[in-house]
Amino acid sequence: MPKKIPMRQCVGCREMKPKKELVRVVKAPDGGISVDFRGKAPGRGAYVCPSGECLKRAIKSRALERGFETVIPQEVYDRLLERMEAGADGT
């Protein structure tokens, strides 16, 4: 029997994709928002494709704000976009 692949929905394009192909954005228990390339950080997660376009769509539709039930400042979005465009190297 083949192993089940966990699927998650991108908040930008709304497509179901394997969890390993997506980048997790996390709202930590202390309220901080960050990009979690490893997928193991504690907190509530939302998934987005590793492209800047999907993140921009998620920002425009306020999908992350709805998912995390909080207002996210623009500088946090700018940092997320810059980290995502730098690549998923985990640094």
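Student: Is Cys13 buried or exposed?
Tutor: In this predicted model, Cys13 is buried, with a relative accessible area of 18%. The cut-off for calling a residue buried is under 20%.

Student: Where in the chain is Cys13 found?
Tutor: Cys13 is in the loop between β1 and β2.

Student: And which residues is Cys13 in contact with, leaving aside its neighbours within four places in sequence?
Tutor: The contacts of Cys13, with those neighbours set aside, are Cys49, Cys54 and Arg57.

Student: What is the phi of Arg14?
Tutor: The phi of Arg14 is near 65°, which is a positive value in a residue other than glycine. Glu69 likewise has a positive phi without being glycine, with a value near 55°.

Student: Where is Glu69 found, then?
Tutor: Glu69 is in the loop that runs between α2 (63-68) and α3. With a relative accessibility of 73%, Glu69 counts as exposed.

Student: Let us turn to the sheet. What is the strand order?
Tutor: The order is β4-β3-β5, in an open sheet of three strands with antiparallel pairing. The edge strands, each of which pairs on one side only, are β4 (33-36) and β5 (44-48). From one strand to the next, the twist averages 30°.

Student: What do strands of a sheet pair through, in general?
Tutor: They pair through backbone hydrogen bonds, in either a parallel or an antiparallel sense.

Student: Over how many bridges do β3 and β4 pair?
Tutor: Strand β3, residues 23-27, pairs with β4 over four bridges, in the antiparallel sense.

Student: Why is β3 described as largely enclosed?
Tutor: Four of the five residues of β3 are buried, so the strand is largely enclosed by the rest of the structure.

Student: How many residues are there between β3 and β4 in the hairpin?
Tutor: There are five residues between β3 and β4, and in the turn Gly31 has a positive phi of about 100°. Gly31 counts as partly exposed, at 37% relative accessibility. The C-alpha atoms of Gly31 and Ala46 are separated by 14 Å, these two residues being 15 residues apart along the chain.

Student: Which strands does helix α3 lie across?
Tutor: Helix α3, residues 74-86, lies across β3, β4 and β5, and it runs at about 10° to β4.

Student: Now Gly52. In which helix does it lie?
Tutor: Gly52 lies in helix α1, which spans residues 52-60. At 16% relative accessibility, Gly52 counts as buried.

Student: How far apart are Gly52 and Leu81 in space?
Tutor: They are 6.2 Å apart, C-alpha to C-alpha, with a separation of 29 residues in sequence.

Student: How do the lining residues divide into nonpolar, polar and charged?
Tutor: The lining of the largest pocket has six nonpolar residues, one polar residue and six charged residues.

Definitions and conventions
Residues are numbered from 1 along each chain as its sequence is written. This is a predicted model: local features need pLDDT of at least 70, side-chain atom pairs count only at pLDDT 80 or more; totals for chains, interfaces and linings use all residues. Side-chain values use heavy atoms; hydrogens and water are left out. Ala, Val, Leu, Ile, Met, Phe, Trp, Tyr, Cys and Pro count as nonpolar, Asp, Glu, Lys and Arg as charged, and the others, Gly among them, as polar. Two strands pair if DSSP finds at least two bridges between them. Helices (H or I, at least four residues) and strands (E, at least two) are DSSP runs, numbered from the N terminus. Axes are lines fitted to C-alpha atoms, for helices over the stretch in contact, and angles run from 0 to 180 degrees between N-to-C directions. Contact means heavy atoms within 4.5 Å. Buried means under 20% relative accessible area, exposed over 50%, partly exposed in between (1.4 Å probe, protein chains only).
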